[in-house]
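Dear colleague,

Here is the structure you were expecting.

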Amino acid sequence: KLILLDSLLQERTMLNEVLLALYIAVFIYILTQRAKPKPICGVYQQWSQWSYLKQWIVYLGILNNKRGKKEAVGHQKAGFGLKAVTDVTLMESPQVLGDHPLAIDAVWFGGASRDGVYLVISGARRKERVIQCMLFLYLPGIGLLQHRNLPETSITQSEEECDGWIGGGIQIKPIKPFREWKVEFHGSLVNPESGQIHQVDLDLTYTTSSKHFDFDSDMEPWTTARAVAREPWSREYFDGLRAAHQNHYEQFGEMKGQVEVQGMQAINFINIQVMKDHTHGSVRDWRLMHRYCFHQFTTASGVRGFLGIVSQPGTLSYLELGWILKEGQPLPVQKVDFKIWNFGEQGEDTADYGFRFQAGGEWYSVQVRLRYKERGRAYFGKDWEARIVERFCSYEINGDEGWGISEWEYRNPTGRLIAD
């Protein structure tokens, strides 16, 4: 009887193993037979049957990076949990441009005040002594003033200017790493509506004591992994992902100083809440970017944020990213519930809309409205491959009043043939 019982148990075990193998085989067959969903609008990759497994693979890889290396690894190896540089003076200084003709070293300041003053000022150093600049200043009672070179952003620097963010009357200079910058403009700005030209002098100081957010090391790993998991994988895919990487960090602060507009009502002093970012990369090719939508805000309760969606087909066609600063602590965005293809996909930015995001385990409801109908418009690239729209917005974040900039970018396939 014991021999018979043992034989029956062995047969049942073998049967269970066969059934398990059969179930696994059927499961794999079903997965492989399911067609991968087509990209939305032919651009945005959708979640597929293998995406959960791929997300776990990338997620565990990022965790391994973060645990294995605590020191900086340099610009070429940074990202996916690894810092490029930890020396704060080096991080805040103008970077040596790489050998590639599309190498970049860019700084951007943007923000607003509760009473309706808006500012965007930036400089992107490129090869051959070119700096690509934007300057948009909205003053209540005067309206929008912008750099006379716009919508063209490229300006040729002199030999003395090319080692810094200087050109076209703009000068952006770090004073104390992660504490103070000097931002100046001396020259003429134009009102794009009336065509009237004004001599303007900006003498501003950016100060901060807040922590910065490094996108190489501080992004939420699960969120990054979700973006990579959407994409079809191959050796060429990961080579392209590495080649497209750019080192990028951000920091919130205050911009205060003197503004003089000749021939208009005197405005002597402004105090606006801004965000500074610094990007350095071996390649920035605007032709690879389909579009993005970013939202930068400050709320009456003191929460500050920068978040949105980036779509760069071929590497990350739907990337949720960003962070908020709450009670002095940077919190990476975990989810951005903003289906970008439903908002301005045909090329016209949306003026009134809402979405949600999650950070620190908490969900936030966002309502965005344009405070002013005027928009800042600029083109980037030798052939105007990218079209930037700077929008001056009011926000409502979980019922809390907010204000700030929203920047949208579109691929401009017509190039210089058609301008706004």
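A salt bridge here is a side-chain nitrogen of Lys or Arg within 4 Å of a carboxyl oxygen of Asp or Glu. By that criterion the structure, which is a predicted model, holds 17 salt bridges.

One of them pairs Lys182 with Asp203, with 2.8 Å between the closest N and O atoms. Lys182 belongs to strand 8 (residues 180–190) and Asp203 to strand 9 (residues 197–207), so the bridge ties together parts that are 21 residues apart in sequence. Lys182 is partly exposed at 25% relative accessible area, and Asp203 is partly exposed at 35%.

Glu320 and Arg226 form another, their closest N and O atoms being 3.0 Å apart. This pair ties together strand 15 (residues 316–326), which holds Glu320, and helix 4 (residues 221–229), which holds Arg226. Glu320 is buried at 7%, and Arg226 is buried at 12%.

Glu345 also bridges to Arg291, at 2.8 Å between the closest N and O atoms. The two are 54 residues apart, Glu345 in the loop between strands 16 and 17 and Arg291 in strand 13. Both are buried.

Beyond its sequence neighbours within four places, Tyr59 contacts Pro221, Trp222 and Ala225.

Lastly, Gln157 sits in the loop between strands 5 and 6 and is buried, at 2% relative accessible area. Its side chain reaches the backbone oxygen of Glu161 at 3.1 Å.

Regards

Key:
Residues numbered from 1 in each chain as written. Predicted model: local features only at pLDDT ≥ 70, side-chain atom pairs only at ≥ 80, totals over all residues. Heavy atoms only, no water. Helix = DSSP H or I, 4+ residues; strand = E, 2+ residues; numbered from the N terminus. Buried < 20%, exposed > 50% of the residue type's maximum accessible area, 1.4 Å probe, protein only. Polar contact = N/O pair within 3.5 Å; in protein donor to acceptor, adjacent residues only side chain to side chain. Contact = heavy atoms within 4.5 Å.
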